[in-house]
Amino acid sequence: MSMQIKPDSHIDFGYRDSQVRVGGIAALRWSARSATVNTILLLIALAVAVLALGFGDYPLNPLEVVTALTGHGAEFQRMIVTEWRLPVAIAAVLFGALLGIGGAIFQSLTRNPLGSPDVIGFDAGAYTAVVVTVLMIGTKHYWGIASAALIGGLATAAVVYLLAYRRGVQGFRLIIVGIAVSAMLGAVNIYLVTRADITDAMSVGFWAAGSLSRVSWEGLIPASIGGLIIFILVVMLSPSLRQLELGDDAALAQGVNANHARPVLLIIGVAATALVTAAAGPIGFVALSAPQLARRLARTPGVTVGSAACMGAALLAGAHTLSLLIAEAYRPIPVGLITVCLGGLYLIWLLIRETRKSI
């Protein structure tokens, strides 16, 4: 008996939802249930993010938080909320949405529930670039680390794509090659950290845990601009993404060249997760679980980018709030460790479910 999670095995991508044409550029698919689920998820994400503004060394009740957000109340409370905590709360929602978008793109292109940037190894590539930058080059500036993470993620994506390419790229081959590359990069990372000075090793180790606590307006503003660009590009390319889900031949019959469209969509998916990794470190399993959880809630035939973004925002905002609650009761825990623990349980459930289906 062998477990096979292959393209088109268990995921139906035959969309039946209604279509709405936006400026003749992109067709956005929608349904009443999807719209309701997305709205609820987005409201949950925003409510949890606002609730998180009250947690910390200087606790605030919801009324004080809202008062500070509207520009009233004590000056010290306004500074705590708007200068220190608000960038982190916004990052939880924005970064969660970006991870959901990246995961949805990869799972759509690979037609596989395991098709996720963190599983395929792009987070490992970003981490390797940061380790090399900090330990070998000696750069610890924010923009140096952020640039290294972006370059490392994109370079790893290019290597995986080239190694998986053989008369086109099949999703299952891309995942297997990505897992292998991730394992090799992981070995390199461990070796470099063990050979480093203890202070530098702790620095890159903390970054690898994935934390929102160090996000400030300095890093959030460029990440927000990049996120807006990614969202616009996803909307413009959504027709190509939908057609590629039906197969390369069907896409070509509708005027979409898979060899041209797929690399562009892969770059957008990598960029979405690389932006998060550059600002907060690798935050695992949100990109993996958000598209599938959203698909099950909305009951859509396949994953959708909009639902995945809303689910990702709700998941990361909830994980951030949970990390703050744990910090008050015990000690601070990076949000990346929480998402890995919860995502690991989801991955076990997914593998068991797919194994039973393949029997």
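Helix α1 passes helix α13 in a left-handed crossing. This is a predicted model, and its chain has 14 helices and two strands. Of the 359 residues in the chain, 51% are buried. Contacts between residues 24 or more positions apart make up 75% of the contacts in the chain with a separation of 6 or more.

**Helices α1 and α13**

- Helix α1 covers residues 32-52 and helix α13 covers residues 305-329; their axes come within 8 Å and cross at roughly 25 degrees.
- Angles under 35 degrees count as roughly parallel, and α1 and α13 are therefore roughly parallel to each other.
- On the α1 side, the contact involves Asn38, Leu41, Leu42, Ala45, Val48 and Ala52.
- On the α13 side, these residues meet Gly306, Ser307, Cys310, Met311, Ala313, Ala314, Ala317, Gly318, His320, Thr321 and Leu324.
- By class, this contact of α1 with α13 has 11 nonpolar and six polar residues, and no charged residues.
- In an α-helix, residues three or four places apart point the same way, because there are 3.6 residues a turn.
- Among the α1 residues that meet α13 are Leu41, Ala45, Val48 and Ala52.

**Helices α5 and α8**

- Helix α5 (residues 122-137) and helix α8 (residues 198-209) have axes that come within 10 Å and cross at roughly 155 degrees.
- Angles over 145 degrees count as roughly antiparallel, and α5 and α8 are therefore roughly antiparallel to each other.
- The crossing of α5 and α8 is right-handed.
- From α5, the contact is made by Ala126, Tyr127, Val130, Val131, Val134 and Leu135.
- From α8, Asp200, Ala201, Val204, Gly205, Trp207 and Ala208 take part in the contact.
- By class, the contact of α5 with α8 has 10 nonpolar residues, one polar and one charged.

- Arg195 lies in the loop between α7 (171-194) and α8.
- With a relative accessible area of 65%, Arg195 is exposed, as the cut-off for exposed is over 50%.
- Arg195 and Leu135 are 60 residues apart in sequence, and their C-alpha atoms are 9.2 Å apart in space.
- Leu135 is also one of the α5 residues in the contact with α8.

**Helix α12**

- Helix α12 (residues 286-298) has 13 residues, which at 1.5 Å a residue should span 18 Å; its end C-alpha atoms are 18 Å apart, so the two values agree.
- Because 10 of the 13 residues of α12 are buried, this helix is largely enclosed by the rest of the structure.
- The buried residues of α12 are Val286, Ala287, Leu288, Ser289, Ala290, Pro291, Gln292, Ala294, Arg295 and Ala298.

- Most residues other than glycine have a negative phi.
- Phe285 has a positive phi, near 75 degrees.
- The place of Phe285 is in the loop between α11 (258-280) and α12.
- Phe285 has 18% relative accessibility and so counts as buried, the cut-off being under 20%.
- Arg299, which follows α12, also has a positive phi, near 60 degrees.
- Arg299 is found in the loop between α12 and α13.
- At 64% relative accessibility, Arg299 counts as exposed.

Notes: Residues numbered from 1 in each chain as written. Predicted model: local features only at pLDDT ≥ 70, side-chain atom pairs only at ≥ 80, totals over all residues. Heavy atoms only, no water. Axes fitted to C-alpha atoms, helices over the stretch in contact; angles between N-to-C directions. Helix = DSSP H or I, 4+ residues; strand = E, 2+ residues; numbered from the N terminus. Parallel < 35°, antiparallel > 145°, perpendicular 65-115°, else oblique. Left-handed = near helix turned anticlockwise from the far one by under 90°. Contact = heavy atoms within 4.5 Å. Nonpolar A, V, L, I, M, F, W, Y, C, P; charged D, E, K, R; others polar. Expected span 1.5 Å × (residues − 1). Buried < 20%, exposed > 50% of the residue type's maximum accessible area, 1.4 Å probe, protein only.
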